[in-house]
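Look over the structure first, then work through the points below.

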Amino acid sequence: MVSERSLASRRRSWIGWQFVGPFMAVFALVFLAPIGYSIYLSLFRTRLIGGTAFVGVDNYVKVLQDPLFWSSFGRVALFLVVQVPIMLLLALLVALAIDSGRLYGAAFFRISVFLPYAVPAVVATLMWGFMYGSRFGLIGNLNETFGVSLPDPLSPDLILASIGNIVTWEFVGYNMLILYSALRVVNPSLYEAAEIDGAGQLRIIWAIKIPALRGALVIATIFSIIGSFQLFNEPSILKSLAPNAVTTYFTPNLYAYSLSFSGQQFDYSAAVAIVMGLITMIIAYLVQLRGMRKAV
């Protein structure tokens, strides 16, 4: 009897692995293997004379002392501090407006706000980039039509804000959907009880809806932090339109890309990517830990 139970348990175990196995294989191939190879590359250094040599953590020490890396990191950190709160606030306001049930054409409005997320980042950046153009785009047409001189969105002083506008346009709908989905699972009886007690809409939002959104806000914040530190597509594409504003080290990812494909410094580029990944992971974890503590 024991052997039969043991055999049945083994069969169930193998059935489980048959379901999980394909995912684990793909996960190891496309996620774990590239990370492992990047760590391996980061431990070596290729010189013009002497070839490739093992240097241990020297590349990581060089990254931590690299002013170009810290300049790019400071830029995305500023982007994160300014752009993410604005984007999440807009997403929250839209989600609350749709959930209120008082918005005419709520379904159409929800689709319209979410639609920019379906536009590929390359297409969105090119579209906004040509609108930003002071010689060939919308800004240039406005200057010529009205005889004014509007600030150039592709100038070095405004390029980060221009990228922030593109990213906000792209991802407000995505974050709105996360928050709106969290609002839909709130028990409607809570709203009814609050209305019976004489609570107005603002009181209901502050006392019921906002607390219910805390977990969703933490998730949206973590995703936004990761996205900010991974900023690459928008500055990479705008670089051809604003070469004086977007440098090769504009963001850490763009810096790693330039080191690898333009400078042929694959080992140092891998070290930059690993360091940036660790910083992103630590900051995202701290935000999650703080958010969960507040929730408790």
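An axis here is a line fitted to C-alpha atoms, taken for a helix over the stretch in contact, and the angle between two axes runs from 0 to 180 degrees between N-to-C directions. Keep in mind that this is a predicted model. Two packed helices are described by the angle between their axes and the distance between the axes.

**Helix α4 against helix α7**

- The crossing of α4 past α7 is left-handed.
- On the α4 side, the contact uses Arg110, Val113, Phe114, Pro116 and Tyr117. On the α7 side, the partners include Trp169, Glu170, Phe171, Val172 and Gly173. Tyr174, Met176, Leu177 and Tyr180 of α7 also take part.
- Sorted by class, this α4 and α7 contact has 11 nonpolar residues, one polar residue and two charged residues.

**Helix α5 against helix α7**

- Helix α5 spans residues 121-132. It packs with α7 at an angle of about 135°, and the axes are 10 Å apart.
- That angle makes α5 oblique to α7.
- The crossing of α5 and α7 is right-handed.
- From α5, the contact draws on Ala121, Ala124, Thr125, Met127, Trp128 and Tyr132. From α7 come Ser162, Asn165, Ile166, Trp169 and Glu170.
- By class, the α5 and α7 contact has seven nonpolar, three polar and one charged residues.

**Asn59 in helix α2**

- Asn59 sits in helix α2, which runs over residues 58-64.
- Is Asn59 buried or exposed? Its relative accessible area is 1%, so Asn59 is buried.
- A polar atom of the Asn59 side chain lies 2.7 Å from the backbone oxygen of Phe44.
- Leaving aside neighbours within four places in sequence, Asn59 is in contact with Ser42, Leu43, Phe44 and Arg45, and also with Asp267, Tyr268 and Ala271.

**Ser260 in helix α12**

- Ser260 belongs to helix α12, residues 252-261.
- Ser260 has a relative accessible area of 10%, so Ser260 is buried.
- Which residues does Ser260 touch, not counting those up to four places away in sequence? They are Gln265, Phe266 and Ser269.

Key: Residues numbered from 1 in each chain as written. Predicted model: local features only at pLDDT ≥ 70, side-chain atom pairs only at ≥ 80, totals over all residues. Heavy atoms only, no water. Left-handed = near helix turned anticlockwise from the far one by under 90°. Helix = DSSP H or I, 4+ residues; strand = E, 2+ residues; numbered from the N terminus. Contact = heavy atoms within 4.5 Å. Nonpolar A, V, L, I, M, F, W, Y, C, P; charged D, E, K, R; others polar. Buried < 20%, exposed > 50% of the residue type's maximum accessible area, 1.4 Å probe, protein only. Polar contact = N/O pair within 3.5 Å; in protein donor to acceptor, adjacent residues only side chain to side chain. Parallel < 35°, antiparallel > 145°, perpendicular 65-115°, else oblique.
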